[in-house]
Amino acid sequence: MKTLKQLIKNLKLDYVNSDITETNFPKPEKVGKVSKLFHLDKHLTLEEVISELDKEDFRPANVYELLSWKDWNGKDFVVALGSVARLDGRRRVPYLDGWDALRELHLGWFDAWWDDDCRFAAVRKSDTLDSLKPEPLDSCNLESRVEKLEQDVDKLRKFLVF
């Protein structure tokens, strides 16, 4: 998998927010492929966007998936809600924008209302999360159940960047 710096360079962007670094957005262990762009065409809260993606068995793309995506038209406002960095006390997410013929990579507010012109890059959950399906709990021992659940939570954390 390419580094964040390589992915940014390959897109030949006119502007990149200086806070979009591997320090703020560490590379996940696995990266899926953006397979759908959701254009929900209405003002939505973060929870509503996630719910809409979830209904179709998708999750928000992270910044590595967004920047690896070959189908961006260079114009649309496309958000990667799957990567979140805490900067200046606020949670921020990367997005591509092609405003006024410039190709740009910005940071938006994670908790914002998302406008009707926003599009959300999404990855089918099964493309990257198969390894996170919990193993059957064959033991009734409470301690072993808690241990297995903690392991599953640790695996899941590797896909979410907060």
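Mentor: Start with a definition: a contact means that heavy atoms lie within 4.5 Å. Keep in mind that this is a predicted model.

Trainee: What covers the buried residues of helix 2?
Mentor: The cover includes strand 2 (36–38), strand 3 (58–60) and strand 8 (118–124). The buried residues in question are L46, V49 and L53, in a helix that runs over residues 46–55.

Trainee: Why is K55 called exposed?
Mentor: The relative accessible area of K55 is 61%. Exposed means over 50%, so K55 is called exposed.

Trainee: And why is E52 called partly exposed?
Mentor: E52 has a relative accessible area of 23%. Buried means under 20% and exposed over 50%; the value for E52 falls in between, so partly exposed is the term.

Trainee: What makes K55 and E52 a salt bridge?
Mentor: Their closest N and O atoms are 3.1 Å apart. The cut-off is within 4 Å, for a side-chain nitrogen of Lys or Arg and a carboxyl oxygen of Asp or Glu, so the pair counts as a salt bridge. Both residues lie in helix 2, three residues apart, about one turn of the helix.

Trainee: What makes E56 and K36 a salt bridge?
Mentor: The N to O distance between their side chains is 2.5 Å, and the cut-off is within 4 Å, so the term applies. This pair links distant parts of the chain: E56 is in the loop between helix 2 and strand 3, K36 is in strand 2, and they are 20 residues apart.

Trainee: Are E56 and K36 buried, exposed or partly exposed?
Mentor: E56 is partly exposed, with a relative accessible area of 40%. K36 is partly exposed too, at 28%.

Trainee: Where are the two partners of the salt bridge between D76 and R119?
Mentor: The closest N and O atoms of D76 and R119 are 3.4 Å apart. The pair links distant parts of the chain, with D76 in the loop between helix 3 and strand 4 (77–79) and R119 in strand 8, 43 residues apart. Both D76 and R119 are buried.

Trainee: How many salt bridges does the whole structure have?
Mentor: A search finds six. Those discussed here, including the one between D76 and R119, are part of that set.

Trainee: What lines the second largest pocket?
Mentor: Its lining has 13 residues, and L7, L67, S68, W69 and K70 lie nearest its centre. Helix 1 (4–11) and helix 3 (63–68) each supply at least two residues of the lining. By class, the lining has eight nonpolar, two polar and three charged residues. The volume of this pocket is about 210 Å³.

Trainee: How many helices and strands does the protein chain have?
Mentor: There are five helices and eight strands. Of the 162 residues in the chain, 42% count as buried.

Note on methods:
Residues are numbered from 1 along each chain as its sequence is written. This is a predicted model: local features need pLDDT of at least 70, side-chain atom pairs count only at pLDDT 80 or more; totals for chains, interfaces and linings use all residues. Side-chain values use heavy atoms; hydrogens and water are left out. On a 1 Å grid over the protein atoms alone, a cavity is a set of points where a 1.4 Å probe fits but cannot get out, and a pocket is an open set with protein on both sides within 12 Å along at least five of seven lines; lining residues have an atom within 4 Å of a point. Grid points are joined across faces, edges and corners, and a volume is the space filled by probe spheres set on the points. Helices (H or I, at least four residues) and strands (E, at least two) are DSSP runs, numbered from the N terminus. Ala, Val, Leu, Ile, Met, Phe, Trp, Tyr, Cys and Pro count as nonpolar, Asp, Glu, Lys and Arg as charged, and the others, Gly among them, as polar. Buried means under 20% relative accessible area, exposed over 50%, partly exposed in between (1.4 Å probe, protein chains only).
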